[in-house]
Amino acid sequence: MTAGLDIINLLDFTLGVVDVEADAGGLSALKRHYVNQVKENDFGIDAIYFSGEFPSVYFKAVPDFREPVLKKLLAIQRKIWNQGKVPFLYAESPVEIRIYNCYETPRNLTKDADQLELFQATKQAIDDLNTLKEVFHKTSIETGGFWKQDEFARQVKNETRVDRALIDSLKQTRQILYKKGLPLEVIHDLLLRSLFLLYLEDRGATDVRLYEAKNGYFEVLDDLNITYQVFDKLERSFNGNLSPVTETERNIVNHGHLQQIKRCFWPNMNSLFPDWRIFDFKVIPIQLISEIYEDFLSEEIGEAQKNAAGAFYTPHPLAEFVLNEVLPHASDENNNYNIKVLDPTCGSGIFLVGVLSRLIDRWQMANPGKQITYDIAKQIVLDNIFEIEIKKEAIKVAAFSLYLAMIDRLEPKTLWQTVTFPYLIYDPKSGDPDRQGNNLFCMSSLESGYFEMVEYDLLVGNPPFGGRTVDKKVRAYLEKRGFGNETVEAFLHRATELCPTGKIALISTSKILFNTGNKHRNFRRFLFNDCYVEKVYNFSILRRVPQGRGRNLFASTVRPISIFLYSAQVPVQPSDKVMYCAPTTAIKNRIIDGIAIDPTDVKYLPREECQKVDTKIWKAAMWGTERDYTLINNYLGYPKLEEYLNANEWEKGVGFRLLSQRSKPTKDEEIKELPYLAAKRIVRYFTPKGNTQKIETTLFKRLGNKKVFNSPHILIKEGQKERRFCAAFSDYDCSFQDTVYGIQSINETDLKILVAFLNSKIAFYLLFLTTADWGIERDRVKPNEILELPDLCFSLSIEIKEKIISHVDDIIANQKNEFFYVESQIAALEREIEATFWEALNLSETDKILIEDLLNYQLDAFQSGQKSNAYKPCSLDDSNAYAHYLCKTINEFLKYTPEISVSASILDVHKGTPLNVIVLHLNQGQESDTIRQLPGSEINQILTKLEQYTYREHSESIYYRKFLRYYNDDIIYLVKPNEKRFWTRSMGLNDADEIILEILTVEHEQES
């Protein structure tokens, strides 16, 4: 009930608040789930504020804040912390308001309990209320204003959330027990059984019969014999599928080991409050255990092995995002619970625990008023849940999680002690054929097995991507089909054999879209021609998100990731478009920080173009617009640079590679005699000889093309120099390593023309939108990608060439002589070269805008992150330039209807306002392209309130953000986030194209 909670109205939370005691019948299925969760677990709160479908703030009315009440509030904070979802509890008495931090580790009623309080406000204190409204108002929370209040925001840390606390405790325990001599497998089994029993106990599924008259699992651990009697009962009830006890374990585990297990889950067992512990497994979501344990296991193998294998554990929000796409939550339209689902590389089972929960919800939706029974839950699992995982430890966690998910839905929960759960795990190495399941297969999904006999409706998962090394069996699978050396390609292909008639949703490395080798093209031919790809979510950019933003959903991956939604069969009515989404925004914009998918991130690409194995559309659509793609396609139609070099017999190739420990040495005395130029010492246009050094070795792994060491030559860095592509002319002989690409010719004039072109903005632009790594994984350009550039510079007139060469010579002279103010002089010369190229290539005004805006905003956002100019608030100049090109483009379309034209009004919006607005006027008696400035004072508050309604949460921590385009008679209001990147000149062109398309669509509909 919300009585006594004036704070809801005071801080404007009224719209979106749900009274916990009110009838939940009118709520969505997901909101009902969260309301029921807080009621069933007796959170003791009165109201919930929902951001979209997810809880964001809890409210509690209290009579006062004296000790008895304070104990209850600390108990509520502990439950919310264990839920791991909502960071704030707003508590209100008749005279006081307190805000509790529910991301902070719980405290008992001790002297440091006040550390859980973010803020106290006395209702009569004006200053307190002003701070409350400024920092904790709904608008501040929803728009991200709270996270800019460092005094408060720095206290709300992801590092102290329940998932991090539990995994840290598990890791510490593992390290201690390993040092005490326990094998890792025994440690994992002890921890897994303990987690399982604590879940059962906290959820009311254990009793004194199980614990041999002991009062709880922690008391059981004080007695070694009783502990193993309880473990034996677990083995009988779950048919040995849950970490059976080996003789080795019985012989080596002692009382001290069990006490350490106890401390893992009860860190303060020796404190002044022996009956109080922070972890509450009644509240900790079961799905979270799969994520925690998968992270726990992956950290054990170490970064080196993880990188080599391409391992990436699946965060719960990402698994939820995938399931929301292919298996929506239960509703009247989605109540089919007989859906056979396979995860071919299940890890710890995070996907299929979510699947089981949704299938049971669907059963309940299809059978209103009925209680699910053990037999029904068991049948849903046996009929529909299938997993394949080669790692034995991981598949045991998957079984553990599925059993828990079943038990959690049964009443009474102690029922599990009276039944025998089915075998789930099939292990071909097991010596007992009678104790085998047919659901969880401990093997590789690339092998043959009984799992091939099932006709699956849905296949989901996160297969290994592959890294520096590829397993022999995987390599054989890839070679047989002519695919590239990417482990994930094998699993994406295998999925179509295992699920030939159903839907497939798999996480993959994004590189399969961009790799340029012929074998990788073979795979793309299979995926986009032999299969039907419906959607691609490219999350590559978010891999670079710094700590503390976007909840770091991809922090554990070492490679850029994408999600592919596809099927082996083409539907009866296929779409001619592929939905492609490449989010660029990671923000703390709501209570739970996350990823915002903006309208500009979503494109609908022509399927015919996507089916071309060498298309550049994926990269262009990721960073640019349709106009960008048209521009690069125009230039990629020119003869390639490689053709010119080959025709003129220029030498090209990389430098030497140093000897590694395992490589066979190649001896060469000549290289030692040459000056050596390290890649990091190369300077754009020209590198002084003083930057070289001597090398002493004569032994190399590979020599490279030694001819490119001869001058005159161009040296091209694989990486960048101060975030810019870097090519240098050299008039002296020098050697270099294989991270440098050399081009050698006796034609010094053409070499200087080429070095000017390679350092130009247009080459920069083309390379960024077409190369496989740059802007995706690493800031590098491969040699073969340089050779794919058009040979634009060689077809210029003699007069233009002479002009460019003159500027290049001036740059070289400056760098050789190191004149005073040399940097400013070189910058001026570079601008002259750029202007000369643009004039010679006859670039249009639009072309120049596209190139400059992409480099100044999109590329800078990629390189500089949140410090980029792209994320800064708009100035009036920004709005004016955007409005100018918006109006100009629309009026060019309307030029054959002179009685109609558009003009625009821009507003002086405060830099702290989250949204910006442009008003487009049709037929207002203004001259075409007129831009008027209006005062922004009246609209700032409106925009701040409006911003909160522009978000829709798709899954935990992943949001869709709307841009508003409101039509009112002859006026169009364009409302978008107040960030420069959304109000550039090129965005004005893009938005004009969309408005024109809308006009044409309306006209077509009216005609028909």
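With which residue does Lys-976 form a salt bridge? In this predicted model, the partner of Lys-976 is Asp-991, and the closest N and O atoms are 2.7 Å apart. The pair links distant parts of the chain, with Lys-976 in strand β33 (residues 971-977) and Asp-991 in helix α36, 15 residues apart. Both partners fall under the 20% limit for burial: Lys-976 is buried, at a relative accessible area of 4%, and Asp-991 is buried at 5%.

Helix α36 (residues 985-1007) also holds Asp-993. The side chain of Asp-993 meets that of Arg-627 in a salt bridge, at 2.8 Å from N to O. Arg-627 belongs to helix α25 (residues 626-636), so this contact ties together parts that are 366 residues apart in sequence. Asp-993 is partly exposed, with 29% relative accessibility, and Arg-627 is likewise partly exposed, with 25%.

A further salt bridge joins Arg-494 to Glu-452, with 2.8 Å between the closest N and O atoms. Because Arg-494 lies in helix α20 (residues 487-498) and Glu-452 in the loop between β10 (440-441) and β11 (458-461), the pair ties together parts that are 42 residues apart in sequence. Arg-494 is buried, at a relative accessible area of 7%, whereas Glu-452 is partly exposed, at 37%. Arg-494 and Glu-452 also take part in a network of salt bridges that includes Arg-481 and Glu-497.

Over the whole structure, the search returns 49 salt bridges.

Definitions and conventions. Residues are numbered from 1 along each chain as its sequence is written. This is a predicted model: local features need pLDDT of at least 70, side-chain atom pairs count only at pLDDT 80 or more; totals for chains, interfaces and linings use all residues. Side-chain values use heavy atoms; hydrogens and water are left out. A salt bridge is a side-chain nitrogen of Lys or Arg within 4 Å of a carboxyl oxygen of Asp or Glu. Helices (H or I, at least four residues) and strands (E, at least two) are DSSP runs, numbered from the N terminus. Buried means under 20% relative accessible area, exposed over 50%, partly exposed in between (1.4 Å probe, protein chains only).
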